[in-house]
Amino acid sequence: PTGASGHPAADARSTEGGASGDRSASGTTPLWFSRLAFGTAWLILAVGTASLALGAVGLLSPAALVPAAIALSACGIPLLVRLPDPGRQNRGAHLGATLALLVCIAAGVWASVDPSTPVLIERDPGSYTTTAKWLSEGNSLWVREPLAAFGDNPAIEAQSAAVFEVGRDLEFQFMHLPAAFPAALATLGGDSLLFVANGWVAAAGLLALYAVAVRVTRKPLLSLVVPCALALSLPWVAVARDVFSEPFAMLFLWTSVWLIHEVITRPSRLAMASAAGVFAGATALVRVDSFLYLAVLAVLGALWVVSASDDERPARSEAFRAGGLAAAGVTLLALVDLFVASSTYARIINRNLTMLLVLLLGSAVASGLAVRHAATLKRIGARLVPLRRTAAWAGTALVAMILLYLGVLRPAMTPMDGTGLELRSQLWARSMHWMYWYLGGLTLALSVV
């Protein structure tokens, strides 16, 4: 007998997929959107990495940048063609993806029409723009012997805010990918592109965020609320209009989360696991505190492997190893950038950096051991299943008490008499109030929920 289509094979595939097949189709973006979002993120990473690598050896120029960027971009093509095809989707999925693309384009235009243009190192953006300007003109991450023309007179100092003397040279503060990408655009198209680059990186981050939102809500049109709300929020507008590291971290982190979801759906997708690891590791090329993201992702990945059945565990373990190795490789590049090209900055933040690296190393070791002994840990975890509801309520109560303390009690208990120490303490005490001011009470409450 045949089904409604009159074709036995087609009806067999439909029956085999069942309701889960329908949910999978509605819970993913169309293939064209997925390829656009992935390709954009990979292109930004490839161009930025090529610029950073060439700047590290003092060879950044259009003649060297173009072939290097093309070569690194081409490495993403095998991953691009392996993005899973959700099959035929309804009109709502394509409409939602199209509207999301238009929202991202509008946000990118809005952020880049009148960008902030810092030319002095007053805060972080000034450091990034100065680094990018020097990269595009000096072709190097370092300023070599800036005082040689003055006979190395000890009375003359070249060091300034976020620019440090290391021997006879100068090095620039922070991780350097957020400066290397606009430097690449400035190298190819002039300084005007240097200031608008971040707006389009932030817009690309909205693409990745929409892809994740669709997978969470399984409602393409409802998911439009996510990029729209973020694009209208003051923090996003502030970092998108200026040269900050946050748009890069947002783009790479949410692209990684999106690809991790693909791996969870089908653990045999080792290519997707490797790509997720690359983007997770790329967050460390952007911000030092991204080591915390990696530590958390390692633990979550290990829990995913431990929770698997005996039949699923080998595939999940392979995916975990593929993603972990890719993330570790890119993270090592970030550590080289930090300790070689920004060594003074590493010393300044030595205490916090040491804590982050110890946490990351401990997380990696613990996660690796957990995956190795996953079967034993699952048997232990099975005994704790009856306590999960109690643990959920206890966790909820703990979060509520922490927020109550941060938002109400701590500001009330912190004195403010205008002195430096109390003023700094007051800034920390009112950290939740800044969240209210940036996001609004309703948005903050929804994000907590």
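**The whole chain**

Begin with the entire protein in view, bearing in mind that the model is predicted. The protein contains 21 helices and three strands. Of its 449 residues, 42% are buried. Among contacts with a separation of 6 or more, 74% are between residues 24 or more positions apart.

**Helix H2**

Select residues 31-56 next, which form helix H2. This helix has 26 residues, and the distance from its first C-alpha to its last is 37 Å. That span is close to the 38 Å expected at 1.5 Å a residue. Then select Gly58, which follows H2 and has a positive phi, near 75°.

**Helices H7 and H8**

Select residues 177-189 for helix H7 and residues 191-217 for helix H8. The two helices pack with their axes 8 Å apart, at an angle of about 140°. H7 and H8 are therefore oblique to each other, since only angles over 145 degrees count as roughly antiparallel. Their crossing is right-handed.

Which residues of H7 and H8 meet? On the H7 side, display Phe181, Pro182, Leu185, Ala186 and Gly189. On the H8 side, display Asp191, Ser192, Leu193, Leu194, Ala197 and Val201. The residues of this contact comprise eight nonpolar, two polar and one charged.

Now select Arg218, in the loop between H8 and helix H9 (225-231). Its phi is positive, near 60°, although Arg218 is a residue other than glycine. Most residues other than glycine have a negative phi. Is Arg218 buried, partly exposed or exposed? The relative accessibility of Arg218 is 36%, so this residue counts as partly exposed; that class lies between the cut-offs of 20% and 50%.

Finish at Ala162, which is placed in the loop between strand E1 (142-143) and strand E2 (163-166). Ala162 is not a glycine, yet its phi is positive, about 65°. Is Ala162 buried or exposed? Ala162 has a relative accessibility of 11% and therefore counts as buried, the cut-off being under 20%.

How values were computed:
Residues are numbered from 1 along each chain as its sequence is written. This is a predicted model: local features need pLDDT of at least 70, side-chain atom pairs count only at pLDDT 80 or more; totals for chains, interfaces and linings use all residues. Side-chain values use heavy atoms; hydrogens and water are left out. Axes are lines fitted to C-alpha atoms, for helices over the stretch in contact, and angles run from 0 to 180 degrees between N-to-C directions. Helices (H or I, at least four residues) and strands (E, at least two) are DSSP runs, numbered from the N terminus. Angles under 35 degrees count as roughly parallel, over 145 as roughly antiparallel, 65 to 115 as roughly perpendicular and the rest as oblique. A crossing is left-handed if the near helix is turned anticlockwise from the far one by less than a right angle, and right-handed if clockwise. Contact means heavy atoms within 4.5 Å. Ala, Val, Leu, Ile, Met, Phe, Trp, Tyr, Cys and Pro count as nonpolar, Asp, Glu, Lys and Arg as charged, and the others, Gly among them, as polar. The expected span of a helix is 1.5 Å times one less than its number of residues. Buried means under 20% relative accessible area, exposed over 50%, partly exposed in between (1.4 Å probe, protein chains only).
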